[in-house]
Amino acid sequence: MNKTSWLTKIILVVVLMLFIGLPFLLLVLSSISFGWQWPNILPESFSFRSWEYVLTGSSDTWRAVGFSLLIAVTVTAVNILLAVPAAKSLVRNQLRAKWLFEAIIFAPIVIPPFVAVMGIHLTFLRLGLTETVLGVVLAHLSPTLPYMVRAVVISYNTLSVDWEDQARMLGAGTISRFYHVVLPHIMPGIAAGASLSILISLSQYLITFIIGSGQVVTLPILLFPFISGGDPAIASAYSLLFAGIAILTLLGMDAALKKYYQKKKTATGKA
Amino acid sequence: MNDLRIINIEKKYNSRLPKNDSAFTLQPIGLTIKEGEFFSLLGPSGCGKTTLLKLVAGLIRADGGEIRMDDFDLTAVPPEDRRFAMVFQKSLLFPHMTVEENVAFGLKMQKVSKKMRLDQARNMLEHVGLQGFGFRHPDELSGGQQQRVALARALVAHPRLLLMDEPFSALDPSLREDMRELLRQIQKEFRVTVLFVTHDREEAFYLSDRIGVMSEGELLQVGTAQNLRDHPDTTKVAAFLGLKNLIEGTVTNGYFSSKLEEFEIPVPHLIEEGSCFLILRPEAIQLMPEGVIPGADAMHIRGEIQQLIFNHGFYIGKLKTANHQLECSFSSQQAKNMAAGQMVDLMISLNDIHIVKK
């Protein structure tokens with residue numbers, strides 16, 4: 001019993017290393033290599049040239065990181081503002097054409113982004129929204145909103161109207177009801193949707209490239225030229241940085257969520 | 001006076017599918033509930049009692065009629081401003097708040113200061129027998145305790161009317177009795193007006209000052225428990241109150257004759273002629289002492305005992321007469337000398353029989 005559980009643990013760790021650790025290791029090696037060529041298994045010489053280029057010097061890395069995060073966070077905030085009322089009406093109202101609304105909201109998951117973004121680009125050109133952060137933020141909404149709505153709808157589905165009715169009978173108005181009863185319940189859904197929204201927005205290349213027209217420079221925009229033929233060492237360094245930023249953002253969100261619940265708990269504890 | 005007046009309130013639910021003609025309609029209902037009264041709506045599930053309750057609460061918008069209290073028209077007032085409270089079938093305690101905070105929620109909505117509202121919440125928890133439970137979270141309580149907290153939470157803000165929607169039906173029977181007792185006590189203590197919905201007639205009989213019997217969206221009869229039991233207006237009411245021994249027949253010339261031509265008895269002339277039902281309450285049917293001939297003021301019943309069933313300290317006897325199946329009750333003492341298959345002579349005083357219109 002004990003032996004087999006040990007065995008499964010070891011196998012799991014090995015598999016984990018193979019599928020997750022190894023690619024990262026290769027990226028790390030590649031980023032610090034200097035002329036790593038076939039048939040060498042390990043690079044012949046090492047240099048921190050690529051990291052130097054990425055982190056300091058003439059590159060726009062930190063500006064791009066800033067833009068990436070600004071866009072991802074704004075997109076997610078707008079998504080929350082749109083998704084919560086949308087989820088409420090989808091769940092609570094007996095709409096006749098509910099399937100139509102759902103189809104429209106979830107369409108971006110099914111339709112290739114390239115199709116939609118061409119039309120968006122044309123419209124934004126007329127509106128003067130191309131090459132602006134605002135334009136990119138708006139364009140990022142279409143691939144991210146469906147996930148947000150989906151997550152919040154699922155949370156809303158598990159909240160019976162009785163809870164809100166109960167709060168009403170205790171004298172809670174619309175805002176109090178939302179803040180004290182609905183929000184704590186749908187928070188996990190919002191958090192799940194927000195993680196997806198942030199990750200999807202961070203990794204957008206095509207939409208950012210077309211709508212931003214190269215003027216709105218996010219991390220993927222910097223990264224792509226190096227992958228598709230430039231310098232693999234620099235591409236590796238950017239990839240690691242990108243992964244790091246994404247992981248840090250998620251951890252940060254997780255911590256914020258935990259703090260939210262802790263605040264609720266301690267508030268109740270002290271009371 | 002803070003009487004609650006329900007004036008011709010009505011509600012129609014249109015079925016969405018045109019084929020489905022079971023669209024539910026709550027017939028216009030008029031009712032006055034006095035301040036401090038415990039009023040129960042009794043009826044089978046789906047009879048509209050919960051709909052009526054939610055109309056009073058304001059959680060459902062009425063199609064017509066008025067809800068008044070203290071001579072103010074509350075019909076257009078949203079539920080959160082009516083100063084009513086409600087206890088649902090499920091306790092619906094907010095899971096992310098402690099018991100104390102749950103109880104204090106209503107006061108928090110009224111912007112009562114934190115110290116005051118928590119003091120009052122603790123005080124109210126003591127009244128429902130849960131002192132010291134304030135810091136716990138709802139999921140750490142049993143079902144009965146949760147429902148006590150829900151009761152405390154409803155009462156803490158001194159509502160003008162307490163609405164209860166089958167609050168004990170999810171609890172097991174012994175707990176339900178404890179809760180009934182607690183509610184009765186607390187209702188007396190706080191003199192709160194209660195509108196209580198239930199399908200359990202024992203519960204309604206035990207708790208209520210007055211009961212309204214509902215069926216299929218109609219309020220059939222309103223009265224005290226005893227009043228309803230002794231003088232049901234219709235067979236529907238009688239049937240729902242669990243009255244046994246309904247015998248179909250007609251009244252002509254001051255005589256009731258049963259459809260199956262077994263019983264014929266004189267009735268007071270006040271009773272209208274036409275088809276009707278005779279009700280013989282099981283507890284009013286007496287064993288005829290030997291050698292006694294029933295007088296003109298009693299009805300004689302002869303039948304064969306088919307079954308004797310022990311029930312709460314007495315026996316229910318299933319009796320087969322010439323054309324009817326009757327139920328009567330015997331004391332343990334009487335049942336000792338009886339056996340299935342035996343013929344017995346019974347009688348019932350004409351004062352104890354009741355005739356209702358069909």
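Trainee: At 43% relative accessibility, what does D178(B) count as?
Mentor: First, this is a predicted model: local features need pLDDT of at least 70 and side-chain atom pairs pLDDT 80 or more, while totals for chains, interfaces and linings use all residues. Residues are numbered from 1 along each chain as its sequence is written, chains are lettered from A and ligands numbered from 1 in the order written, and side-chain values use heavy atoms, without hydrogens and water. Buried means under 20% relative accessible area and exposed over 50% (1.4 Å probe, protein chains only), with partly exposed in between. At 43%, D178(B) therefore counts as partly exposed.

Trainee: Which helix of chain B gives the most to the negative patch?
Mentor: The patch gathers E177(B), D178(B), E181(B) and E202(B) on the surface (like charges joined within 9 Å, each residue with over 30% relative accessible area and no salt bridge). D178(B) lies in one of the contributing helices (a helix is a DSSP run of H or I, at least four residues). With 3 residues, the top contributor is helix α5 (residues 173-190).

Trainee: How many salt bridges are there over all chains?
Mentor: The rule asks for a side-chain nitrogen of Lys or Arg within 4 Å of a carboxyl oxygen of Asp or Glu. One pair that passes is D231(A) with R49(A), at 2.8 Å between the closest N and O atoms. Over all chains the count comes to 22.

Trainee: Which residue forms a salt bridge with D231(A), and where does that partner lie?
Mentor: D231(A) sits in the loop between α10 (219-227) and α11 (232-270) of chain A, and the two partners are 182 residues apart.

Trainee: Which residue of chain B meets R177(A) in a salt bridge?
Mentor: R177(A), in helix α8 (residues 174-202) of chain A, reaches across to the loop between β5 (72-73) and β6 (84-87) of chain B.

Note on methods: Patch = residues over 30% accessible without salt bridge, like charges linked within 9 Å, V, L, I, M, F, W, Y side chains within 5 Å. Areas by Shrake-Rupley, 256 points an atom, 1.4 Å probe, with all protein chains shown as cover. Lys, Arg positive; Asp, Glu negative; His and termini not counted. Charge placed at Lys NZ, Arg CZ, Asp CG, Glu CD. Helix = DSSP H or I, 4+ residues; strand = E, 2+ residues; numbered from the N terminus.
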